[in-house]
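The following note comments on a structure, in numbered points. Please read each point with the structure open beside it.

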2 protein chains.
Amino acid sequence: MKQESRKQEIVNAAAILFKEKGYSAVTMRDLATAMGIKAASLYNHIQSKQEILSTIIIELAEEFTQGMNLIVNSHRSSIQKLENIIGLHIDVTLRNADGLASLNNDWMHLEEDNLLYFEKMRQDYEDNFRQIVKKGVEMNEIKSNNVEIIVFSTLSTLRTLYLWYPKQKNIDANILKKDMISVLLQGVV
Amino acid sequence: MKQESRKQEIVNAAAILFKEKGYSAVTMRDLATAMGIKAASLYNHIQSKQEILSTIIIELAEEFTQGMNLIVNSHRSSIQKLENIIGLHIDVTLRNADGLASLNNDWMHLEEDNLLYFEKMRQDYEDNFRQIVKKGVEMNEIKSNNVEIIVFSTLSTLRTLYLWYPKQKNIDANILKKDMISVLLQGVV
DNA sequence: CAACAAAACTAACGATTGTTAGTTTGATAC
DNA sequence: GTATCAAACTAACAATCGTTAGTTTTGTTG
């Protein structure tokens, strides 16, 4: 059907470089070299370096927002909702691990409008997450440890998947989901 | 004799800026402004921007290495060793949360010698961690989930403490250790 | 007060940055 | 074969980068 547009190729190549050295340390000449062209040629396809970054990040953030909204509005137990969140992160990570590096590490280099938009999505995401955990504690589905620590530790792990997953070979998404749910929710001891 | 040396003040100010925007995006002029002086004046106290980064990161990495060695050589159960590792991360984080941002996000901007040195320390640290978990599984102290997932998820959480801890107000280190051990080892459900 | 060192300053350097303007190339359509 | 258009190119720009050189200010000590 549609093959990948030249712009998307550039964005994908940029995501890989941004993952390795961060947005600020990657020059347009670096990116051009990775694409096998000259820096000026990039501007036939993109408007600015900044546009590349926002394309990567905003798209991913909207994916998470959309996924979280489905989960919040579903009629499931808190535990099942947490399991679905774990699944959401794994799905997104398998699809675009490179881009997640920018989302995690370079979001602060977005400029004004996109920065505010991103920060709102992230805040809403965390609030939704927190509410699910709180409800789970109220319903006695979740041990009443410190709610903030549960939110923080679970989210830390899920956000770091993009670093860990590529180092695992031939790992099946469904097995990964099962194991991750087991470790994050049932614990280690 | 010694208050904080001027160099240490510069390093500390740099750590804060590096945490906010990353090493590459912080200019020597940014750092000078934060110190209330001109950029050229910084060079009366430090040799290069790179020296600032390596001062921040290597010192912290050596702290972790030293702490891990003590734990590895201690005669404790695997669970107790894991608890001590959690304690180590909390202690280091409370002492220097800003510097940990650089260690986590900007280590790849170290140059050759320090980069290799750092990478070796990090590899050894992870190997030690993995061995402790493996031993725990063998001794039936730890549920035999996927060992790699346990190592990854625990380490992800501990490495991200630097972001989370400053947002908590008046949290006691010992209570934090207890809660963190509970969530990471005993689980949530 | 004179002497000295620490730490600030001004001015500038060569290199590199993101980006623009104008031009050439190469494939497809008529 | 010629027109078209996307996509590459060369050349250069103003701005900013880390850093150096040389000078002045500041504070302490005899």
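1. Terms for helix packing come first. Axes are lines fitted to C-alpha atoms, for helices over the stretch in contact, and angles run from 0 to 180 degrees between N-to-C directions. Helices (H or I, at least four residues) and strands (E, at least two) are DSSP runs, numbered from the N terminus.

2. On provenance and numbering: this is a predicted model, in which local features need pLDDT of at least 70 and side-chain atom pairs count only at pLDDT 80 or more, while totals for chains, interfaces and linings use all residues. Residues are numbered from 1 along each chain as its sequence is written, and chains are lettered from A and ligands numbered from 1 in the order in which they are written.

3. Helices α1 and α2 of chain B. The axes of helix α1 (residues 6-21) of chain B and α2(B) come within 10 Å and cross at roughly 115 degrees. The crossing of this pair, α1(B) and α2(B), is right-handed (left-handed if the near helix is turned anticlockwise from the far one by less than a right angle, right-handed if clockwise). From α1(B), B:Ile10, B:Ala13, B:Ala14 and B:Leu17 make the contact, and from α2(B), B:Asp30, B:Leu31, B:Ala34 and B:Met35; two residues are in contact if their C-beta atoms, placed from the backbone, lie within 7 Å. These residues divide into seven nonpolar, no polar and one charged. In this classification Ala, Val, Leu, Ile, Met, Phe, Trp, Tyr, Cys and Pro count as nonpolar, Asp, Glu, Lys and Arg as charged, and the others, Gly among them, as polar.

4. Overall make-up of chain A. Chain A has nine helices and zero strands. Its C-alpha trace spans about 60 × 40 × 35 Å along the principal axes.

5. Helices α4 and α7 of chain A. Helix α4 (residues 49-72) of chain A packs against helix α7 (residues 112-138) of chain A at an angle of about 30 degrees, with the axes 10 Å apart. That angle makes α4(A) roughly parallel to α7(A) (under 35 degrees counts as roughly parallel, over 145 as roughly antiparallel, 65 to 115 as roughly perpendicular and the rest as oblique). The crossing of α4(A) and α7(A) is left-handed. Among the residues in contact are A:Ile57, A:Ala61 and A:Phe64 of α4(A) and A:Tyr117, A:Phe118 and A:Met121 of α7(A). By class, the contact of α4(A) with α7(A) has 10 nonpolar, four polar and two charged residues.

6. The relation of the two chains. The same surface serves both copies, since 100% of the contact residues of chain A recur in chain B.

7. The interface. How many residues of chain A are in contact with chain B? There are 32 residues of chain A in contact with 32 residues of chain B. Both α8 (147-164) and α9 (173-186) of chain A supply at least two residues each to the side that touches chain B, and α8(A) gives the most, with nine residues. By class, this side of chain A has 14 nonpolar, 14 polar and four charged residues.

8. DNA strand C. A total of 15 residues surround DNA strand C, and the closest are A:Thr27, A:Ala40, A:Ser48, B:Lys38 and B:Ala40; a residue is near a molecule or strand if its C-beta atom, placed from the backbone, lies within 6 Å of it. In chain A, α2 (28-35), α3 and α4 each supply at least two residues of the surface near DNA strand C. The residues of this surface divide into six nonpolar, five polar and four charged.

9. DNA strand D. Here 15 residues surround DNA strand D, the closest being A:Lys38, A:Ala40, B:Thr27, B:Ala40 and B:Ser48. Two or more residues of the surface near DNA strand D come from each of α3 (39-42) of chain A and α2 (28-35) and α3 (49-72) of chain B. By class, the surface near DNA strand D has six nonpolar, five polar and four charged residues.
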